[in-house]
Amino acid sequence: MLSVEEAQGRILDLFHPLEPERKSLLEALGQVLAEEVISSLDIPPLSNAAMDGYAVQHRSIAGAAPHASRALRVIGQVAAGQLPQQEVTPGTAVRIMTGAPVPQGADTVVPFEDTDEFQGKSTGKGPLDRGEIRVMRGLSQGSNIRPAGQDIGRGQVALKRGAVLRPSELGVLASLGRDTVEVVRRPVVAIIATGDELLEPGEPPSAGKIYNSNGYSIAASVLRYGGIPRLLGIARDNPESLSAKLEEGLTADMLLTSAGVSTGDYDIVKELLARRGEVAFWSVRMKPAKPLAFGVFLGPGGKRVPHIGLPGNPVSTLVAFEEMVRPAILRMLGRTDMEKPTVLAVLEDDIANNDGRRVFARVVVTRREGRYYARLTGDQSSGILSSMALANGLAICPEDVSRIRAGEVAVVHMLDWPEGVF
Ligand code: AMP
Ligand code: MG
């Protein structure tokens, strides 16, 4: 039986970052940068005021204090988006707004708060009427001035290839004037549910049948981790039906099937896949999700389409997705940070391990007084999807540990980071 790491490693070996595509900024959210972004501009383009106030020469205000204010003649003003018309000379000041370019000659911006304008406002008698301002405090040279290129200099690498585009990275691109960006394209993932017992949601219930929940939980997981799901519906437990679906799936970047990989009489997925590609069937030393198929099919034009055959039990499908499929999707997306977000939590229930497999137990993680606690969400059999729906994490009992007791600490792979808990 393969270990979880061996299975993950052999799956990952088959996946590579996909080719780049050009996207408009907002559409690229969450994708990985496929180009090195070099700034063609200084940002900010000109040195500018960080506060509303007065642009002055530092030597005009040296030593200013409430009892020793310095009077300056106001010779003009400049707002953001304008260019200054006056040069600041000793003893003069230009009224300046945040973001406005600093006039020639000025090396310091005195905020309104440090002048008598501030006081004048509250008394209703403006010092501007006098054409004069009094500075009540000495500031160090360069105060409240943001130099040109302070954020990003022209010619500098603004964003590295491989960066994940979050709102801040998209903001950087926009600040460079860019409206499109080269990113690694998202993988298209074809999803086929197999089973004679399956009905599609929306169809009327029927005796002996169950609804295809795996198709939806798998497709939603694909979406959540950045892929583009293509739901191909249900293949019946016969080679013709599966064959037909398979053809549709071979244009995708990855093919996922659910069920038909255990040892039942109708597990034809195994047979057909073995005939149509290079397919390995594995038992992975994990619980749930022991049976797993993995291989490659030949698609149109000799394209090799990797396939992961997920187990049919609804929880097994999702756990196998989190541990085996998610890393593959992230690699195709160009991501290198593939570790699952993990916490160490004090268990509130025992987790038993009866047969030397790595157990992924459904838990809800809470935080109290700075510590994480993990409680089982209920029945842990692999068909109980409702206990997966209650969970925000998977607590791990290693293969060589027969039991972790309540009060001991376990590693938990987080499925969610609920607001307020973390
Ligand atoms: P199998 O691997 O085909 O033996 O399926 C294992 C279990 O998973 C059986 O109880 C199936 O009914 C169930 N199952 C298979 N496919 C799905 C599906 N798409 N949605 C929900 N349950 C499924
Ligand atoms: Mg079946």
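A polar contact here is a pair of N or O atoms within 3.5 Å; within protein, one must be able to donate a hydrogen and the other to accept it, and residues adjacent in sequence count only if both atoms are side-chain atoms. Keep that in mind for the ligand.

Ground rules next. This is a predicted model, where local features need pLDDT of at least 70, side-chain atom pairs count only at pLDDT 80 or more, and totals for chains, interfaces and linings use all residues. Residues are numbered from 1 along each chain as its sequence is written, chains are lettered from A and ligands numbered from 1 in the order in which they are written, and side-chain values use heavy atoms, with hydrogens and water left out.

Now the ligand. Which protein atoms make polar contacts with it? Asn212 uses its side chain, with a polar atom 2.9 Å from a ligand 1 nitrogen. How much of the ligand is covered? Alone, ligand 1 exposes 480 Å², and the protein buries 77% of that. Those areas come from the Shrake-Rupley method with a 1.4 Å probe.

Step back to the shell. Strands are DSSP runs of E, at least two residues, numbered from the N terminus.

On to the domains. The bounds come from an automatic or database domain assignment. Domain 1 is 4–17 + 186–332, domain 2 is 29–44 + 151–184, domain 3 is 48–146 and domain 4 is 342–414. The C-alpha centres of domains 2 and 3 lie 35 Å apart.

Last, the backbone. Where are the cis bonds? One runs from Ile43 to Pro44, with omega near -5 degrees. Pro44 sits in the loop between strand S2 (37–38) and strand S3 (48–49). Another joins Lys287 and Pro288, at an omega of about 0 degrees. Pro288 is in the loop between S18 (286–287) and S19 (291–298). Ala289 lies in the loop between S18 and S19 too. Its phi is positive, near 80 degrees, and Ala289 is not a glycine.

Methods:
Helix = DSSP H or I, 4+ residues; strand = E, 2+ residues; numbered from the N terminus.
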